[in-house]
Amino acid sequence: MNFSFSSSTTFTVTTVSVLLSILTSNIPICQAKDLIVPSKVHRDANTGISHVVHVVADGLRPDAMVNYPNFNWLRANGVGTDNARNQLESAQTLPNHISMFTGLSVAEHGHYLDGESKDKLELVNIFDLVKASGGTTAFYGAKEKFATFQKNWNIDSYTFTKWGNRVITGFMDDMATNMYTYAFVHFRETDLAGHRSTGATTVEYANAVQQMDEYLGQLLQFIEQQPSLKGKTAVILTTDHGFEDVGNHNDLDDPFNYKIPLYVWGPSPNVLHGEDMYALNGLQDPGDARITPSAIHNSYSGVLAAQLLGISYEDGPFADQYLSISGASTAPKRDVPTIADLGAILGGLGQVNTNGGAELADDPLNCVTCPNDASQQMAANYRTCESWRLTATKCKAPSNQWTRNQICKRSCYFAGYPYDSDICCSGSSIEVNKAEMANASSLELSSSSSNVQPSSSPTATMSSQPSNAPIASLGV
């Protein structure tokens, strides 16, 4: 059995200070508030899977994963898609991770920005559920901001280190002894390279993708070499966002930001091999569309971990385990966000309208066509009014240049912050989108609709045959 990874891959590091900032720490555990009602937790111990390793490669674009042996092996030997979606309302790290751990959309949990206070995350989450069911949990994170999870939730072992080689060695050293039920493993290399080189079309980003492929190979090889893990462990791989060709990951309407991978590998018959996640579940592949009711989001990855472990909760997303990865029938897909919510989002807010803004009903006869011009700074950073998270700070502050110049007037109006008494028409492009959403809502989402075929886009197809990569010899 030979996995493809080497020590020869190098990274371009632009400053010596970054190298000197390497910090590794084992942070003492702080008990979180117990949010779980024990009587609502259910565990089927006979699923055949005792451990789940949930891997997030921060900022990993699925189209960048081609031609790497371990990624290709995962595609050929697991269930997944290169065309999942991150969160509709945010492409930032913490909001998407909160969604992954809770199964909630950003609109549901209410944390839109990395910089917002997250001292109280009183949300049912995968860590607390595993603990309540008698399991153990571990967190291996590469960003300081993840400390909010350690402070709020029941995590048995929390390790922070900034570099992937220490993340993977720390995980393997720890897991060899403790065999955690649920282990979350985060790598920041692709995100870091994208930010430093201002885009994903650089040598630095390609080097980081190659390094991530090697970390995945090490992780899979480790599982197969541990008798107590082999045949009893599933691996989930996804990300919080992609990365733009040039820029960062702020533009919510850029397909390179919102198209993400979601894969799961595990022993048969729990996890099928070489299956497309959309086709297996009778869901229409969203193609290039940003919003469709059938889109599979990264918020399901924590729910999927619970599902693999046989854990469910009577309320909320963990009660709605709709994705099949074994071919067995499941419940209908949870429709989040709702079609009713999408109108407000398409009105320019970039999130569900929770601020009392105008409803996107039929345009009144006295509505006017409001301009929706971005500021020069927004344009310089490839941002549009439609993808900007608008708040009173931007739209309604006194003596604000936005108000004076009526920047993003239509988007601010539909966000609930009108500049004046004008009633803005929703606009023909929004009406088209609303019509598309109405048509999409009529799609049959039942997992029994097996006649729906995935998109022919290369990013949505998977080989049903094992790849020729060295790791294809894994026997499960």
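**Exercise 1.** Are α8 and α9 roughly parallel or roughly antiparallel to each other?

*Solution.* The model is a predicted one, in which local features need pLDDT of at least 70, side-chain atom pairs count only at pLDDT 80 or more, and totals for chains, interfaces and linings use all residues. Residues are numbered from 1 along each chain as its sequence is written, and side-chain values use heavy atoms, with hydrogens and water left out.

Step 1. Identify the elements: helices (H or I, at least four residues) and strands (E, at least two) are DSSP runs numbered from the N terminus. Helix α8 covers residues 189–196, and α9 covers residues 203–225.

Step 2. Take the geometry. The axes are lines fitted to C-alpha atoms, for helices over the stretch in contact, and angles run from 0 to 180 degrees between N-to-C directions. The axes of α8 and α9 lie 8 Å apart at an angle of about 175°.

Step 3. Apply the classes: under 35 degrees is roughly parallel, over 145 roughly antiparallel, 65 to 115 roughly perpendicular, and the rest oblique. The helices α8 and α9 are therefore roughly antiparallel.

Step 4. List the contact, defined as heavy atoms within 4.5 Å. From α8, Glu189, Thr190, Ala193 and Gly194 meet Glu204, Tyr205, Ala208, Val209 and Tyr215 of α9. This contact has 5 nonpolar, 2 polar and 2 charged residues (Ala, Val, Leu, Ile, Met, Phe, Trp, Tyr, Cys and Pro are nonpolar; Asp, Glu, Lys and Arg are charged; the others, Gly among them, are polar).

**Exercise 2.** How many disulfides does the structure hold, and what is the handedness of each?

*Solution.* Step 1. A pair of cysteine sulfur atoms within 2.5 Å counts as a disulfide; this rule gives 2.

Step 1. The sulfur atoms of Cys367 and Cys425 are 1.9 Å apart. The torsion about their S-S bond is about 90°, so this disulfide is right-handed. It links distant parts of the chain, 58 residues apart: Cys367 is in the loop between α13 (339–349) and α14 (376–380), and Cys425 in the loop between α17 (409–415) and α18 (428–441). Cys367 is buried at 17% relative accessible area, as is Cys425 at 14%.

Step 2. Cys370 is joined to Cys424, with an S to S distance of 2.0 Å. Here the torsion is about -90°, so the disulfide is left-handed. Both Cys370 and Cys424 are buried.

**Exercise 3.** Which residues other than glycine have a positive phi, and where is a cis peptide bond found?

*Solution.* Step 1. Recall that most residues other than glycine have a negative phi, and most peptide bonds are trans.

Step 1. Met179 has a positive phi, near 50°. Met179 lies in the loop between α7 and β7 (182–187) and is buried, with 18% relative accessibility.

Step 2. Gln406 has a positive phi of about 55°. Gln406 belongs to the loop between α16 (401–405) and α17 and is partly exposed at 27%.

Step 3. The cis bond joins Ser268 and Pro269, with omega about 5°. Pro269 is in the loop between β9 (259–265) and β10 (275–276).

Technical notes. The expected span of a helix is 1.5 Å times one less than its number of residues. Buried means under 20% relative accessible area, exposed over 50%, partly exposed in between (1.4 Å probe, protein chains only).
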